[in-house]
Each structure stands twice: as C-alpha cells, then as structure tokens.
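Subject: Handing over the two-chain model

Hi there,

Here is the structure I promised to pass on. Please have a look at it in your viewer first, and then read my notes alongside it.

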Amino acid sequence: MLSRRQLLVASAASSPVLLSLNACKGPAVPAVLKGPPPVPDQTTMLLHAVTAEQNLIWLYDRAIAAYPELALSPLRSEHREHLAELRARVVEPPGKKVPDTVTAKPAIGATRAAALARLRAAEQNAVRVLLSRLGGASPSLAQLYASVAASEATHVTALAALGPS
Amino acid sequence: MTNRAAASDVAALQGALAAEHAAVYGYGVAGAMLSGAEQARARGDWIAHQEARDTLEAMLVKLGATPVAASPAYQLPFAVTDAKTAKALAAALEDGVTRAYLAVVAVQDRTLRSFGALAMQPPANRAAAWRGSTVAFPGMPT
C-alpha cells in the first residue's frame with residue numbers, strides 16, 4: 001500500500017495544481033492582517049459630498065416647513081436625486097458606513113428673505129466645494145461633481161428669482 | 001503632458017466648439033420667431049455663444065490645433081414655427097452646449113476640467129430659463 005507521502009508525490013507529478021501549490025511554499029507563519037487599508041482620498045471626498053447634500057436637504061426641509069408658500073420642493077427633489085446618485089457611487093469602505101447624518105444645522109432665518117439668502121449661500125458654497133474636488137476625482141466622478149455643481153448653480157438663480165438678495 | 005492626453009484635450013474642446021457653432025446658428029433661427037423681451041434675451045444669449053466660440057478657438061490655436069469650422073447650415077431637431085418651439089430650440093441648444101462642456105470635465109488636465117465645469121454653468125442656467133425649470137443633472141444623458 002502506498003503511504004500518504006507517496007500518494008502526494010504521485011499526484012503532484014501528474015497535477016499542475018499541486019505542483020504550483022508546492023511552489024508557493026512561503027514562511028511557516030502567515031503574515032498578520034493589520035486591519036482594513038486606509039480609505040482612499042477619492043472615497044473620502046465622495047463621502048463628504050454625500051454629507052453636503054444631506055445638509056442641503058435638511059436646510060430645504062426646514063425652509064419648506066417654515067415658508068411653505070415658497071416653491072422650494074422641486075429644488076429639494078433635485079438634491080434628493082443628487083444624494084441618491086452620489087450614494088450610488090460609494091463603494092462602502094471596510095469599517096466605514098456611508099454617512100446618513102446631518103452635520104450642519106444652521107438657523108434657517110426669521111424672515112423669508114433671510115431663509116432664501118441662507119439657501120442661496122449654502123448652494124453657492126456647495127458649488128465651490130464640488131468644483132474644488134474635480135482634480136482628485138476619476139473622470140466619471142468629476143463629471144458627476146460638475147453636473148451637480150451646475151444644477152446647484154441653477155438653484156442659486158432660481159432662489160434669486162424668488163426673492164430679494 | 002503626453003501627446004495622447006493633448007489629443008483628448010483637443011478633441012473635447014473641439015466638441016465644445018462644434019456645440020457653440022451650432023448654438024450660434026440655432027439662436028439665429030430661434031430669435032426670428034421671438035419678440036420683445038424674449039427676442040432681446042435670445043440676442044444676449046446669441047452673443048454669449050459667439051464669445052464662448054471665440055474663447056474656444058483661441059484655446060485650440062494655443063494647443064496647436066485647427067479649430068473646427070461651423071457648418072454652413074444645421075438640421076434642426078424639430079420644426080421651429082412659433083415662439084413656443086423657438087424657446088424649446090433655445091433650451092435644446094443650451095443642453096447641447098452643456099453636454100459638450102461636461103465632456104471637457106472628463107479630460108486629465110486639471111485646468112481644463114475646471115474650465116469645462118465652470119463653462120457649463122451659464123448654458124445650464126440659460127437652459128433652465130428657456131425651459132422654465134431646473135434639472136438635477138445638467139449635461140448628463142437622460
């Protein structure tokens with residue numbers, strides 16, 4: 001009867017798989033995995049963009065509640081579309097959740113004009129931040145940032161048409 | 001910058017220039033069907049496209065390329081017979097220009113990316129004005 005070792009040698013000779021396994025003999029002790037790799041800059045920027053949209057939506061929620069007569073719902077709907085598309089681009093980094101919390105809750109303003117000014121400033125800031133992220137992004141993500149920024153630039157114009165600056 | 005990168009930069013800018021040529025032509029058609037304040041707005045937009053065309057031509061010459069020429073005539077996407085269709089044409093022209101600048105954003109050169117992203121904002125705004133509403137993703141295929 002063949003011993004276990006003989007069997008292995010026999011099959012190794014006829015099996016390229018086993019041969020290649022044999023060739024992979026490394027150190028006796030495997031390397032220790034040192035936790036997840038760092039989150040790439042591009043993902044961090046995308047997560048920031050997600051949070052920025054959530055903050056904008058929060059602001060619109062407050063403004064719509066306080067001043068329902070202003071036709072702000074269509075603009076909020078577009079921000080929800082931005083948020084969904086940005087979230088869809090996130091490959092969830094290990095150990096890090098896609099944020100779903102609002103990080104900035106400024107006062108909405110005691111008057112309609114103040115609320116509109118607050119929204120306009122928030123949209124303008126969002127445009128500026130998105131444009132600053134183009135360089136470090138992939139071509140496809142850069143296009144998404146640019147398109148969202150252009151949409152938000154049209155919101156600035158639409159808000160200006162709703163009231164005095 | 002490698003030659004290959006420069007070639008894609010040039011191609012994107014040529015696309016934007018072709019869209020500006022088409023807009024300059026199209027506003028001539030749309031403007032003829034508009035009157036009063038709308039015609040004045042169309043004239044202002046027509047001039048904005050001529051200026052953008054000149055900017056792109058200068059950029060292309062600087063890159064050592066020959067700017068694409070305008071066609072003598074363009075086939076319109078639909079018949080323009082009244083103010084309503086004229087405004088729809090203006091919005092469609094602006095959408096085309098916005099799309100072309102969004103293509104510039106995909107190049108590797110950071111300065112050109114910023115240029116494309118900034119350049120798509122005026123046409124996105126003009127499209128919204130002619131259409132009477134904003135969109136979530138200007139320049140993106142719908």
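This is a predicted model: local features need pLDDT of at least 70, side-chain atom pairs count only at pLDDT 80 or more; totals for chains, interfaces and linings use all residues.

**Chain A overall**

Chain A is built from six helices and has zero strands, so its pattern along the sequence reads α-α-α-α-α-α. Of its 165 residues, 27% are buried.

**Helices α5 and α6 of chain A**

How do α5(A) and α6(A) pack against each other? Their axes are 9 Å apart and meet at an angle of about 160°. Angles over 145 degrees count as roughly antiparallel, and therefore this pair is described as roughly antiparallel. The crossing of α5(A) and α6(A) is left-handed. On the α5(A) side, the residues making the contact include A:L116, A:L119, A:V127 and A:L130, while α6(A) contributes A:Y145, A:V148, A:A149 and A:V156, among others. By type, the residues of this contact divide into 14 nonpolar, two polar and three charged.

Two individual residues on these helices may be handy as reference points. A:A117 sits in helix α5 of chain A, which covers residues 112–132. A:A117 counts as partly exposed because it has 17 C-beta neighbours inside 10 Å. Its C-alpha lies 8.3 Å from that of A:P164, although A:A117 and A:P164 are 47 residues apart in sequence. A:S140 belongs to helix α6 of chain A. A:S140 has 10 other C-beta atoms within 10 Å, so this residue is exposed. Between A:S140 and A:R89 there are 9.9 Å, C-alpha to C-alpha, and the two are 51 residues apart in sequence.

**Where the chains meet**

Between the chains, 21 residues of chain A are in contact with 22 residues of chain B. On the chain A side, the elements giving two or more residues are α4 (73–88) and α6 (139–162). Which of them gives the most? That is α6(A), with 13 residues. The chain A side of this contact is made up of 11 nonpolar, eight polar and two charged residues.

Helix α3 (residues 83–104) and helix α5 (residues 121–131) of chain B pack with their axes 8 Å apart, at an angle of about 160°. α3(B) and α5(B) are therefore roughly antiparallel to each other, and their crossing is left-handed. Residues of α3(B) including B:K87, B:A90, B:E94 and B:V97 meet residues of α5(B) including B:P123, B:R126, B:A127 and B:W130. The residues of this contact divide into seven nonpolar, one polar and five charged.

Finally, the largest nonpolar core holds 70 residues. Those that touch the most other members are A:Y145, A:A146, A:A149, B:A16, B:A90 and B:V104. The largest share of this core comes from α3(B), with 12 residues. As for B:A16, leaving aside neighbours within four places in sequence, its contacts are B:L56, B:A100, B:Y101 and B:V104.

Happy to talk any of this through.

Best wishes

Methods
Residues are numbered from 1 along each chain as its sequence is written. Chains are lettered from A and ligands numbered from 1 in the order in which they are written. Helices (H or I, at least four residues) and strands (E, at least two) are DSSP runs, numbered from the N terminus. A residue is buried if 20 or more other C-beta atoms lie within 10 Å of its own, exposed if 12 or fewer, and partly exposed in between; C-beta atoms are placed from the backbone. Axes are lines fitted to C-alpha atoms, for helices over the stretch in contact, and angles run from 0 to 180 degrees between N-to-C directions. Angles under 35 degrees count as roughly parallel, over 145 as roughly antiparallel, 65 to 115 as roughly perpendicular and the rest as oblique. A crossing is left-handed if the near helix is turned anticlockwise from the far one by less than a right angle, and right-handed if clockwise. Two residues are in contact if their C-beta atoms, placed from the backbone, lie within 7 Å. Ala, Val, Leu, Ile, Met, Phe, Trp, Tyr, Cys and Pro count as nonpolar, Asp, Glu, Lys and Arg as charged, and the others, Gly among them, as polar. A nonpolar core is a set of buried Ala, Val, Leu, Ile, Met, Phe, Trp, Tyr and Cys residues joined through C-beta atoms within 7 Å.
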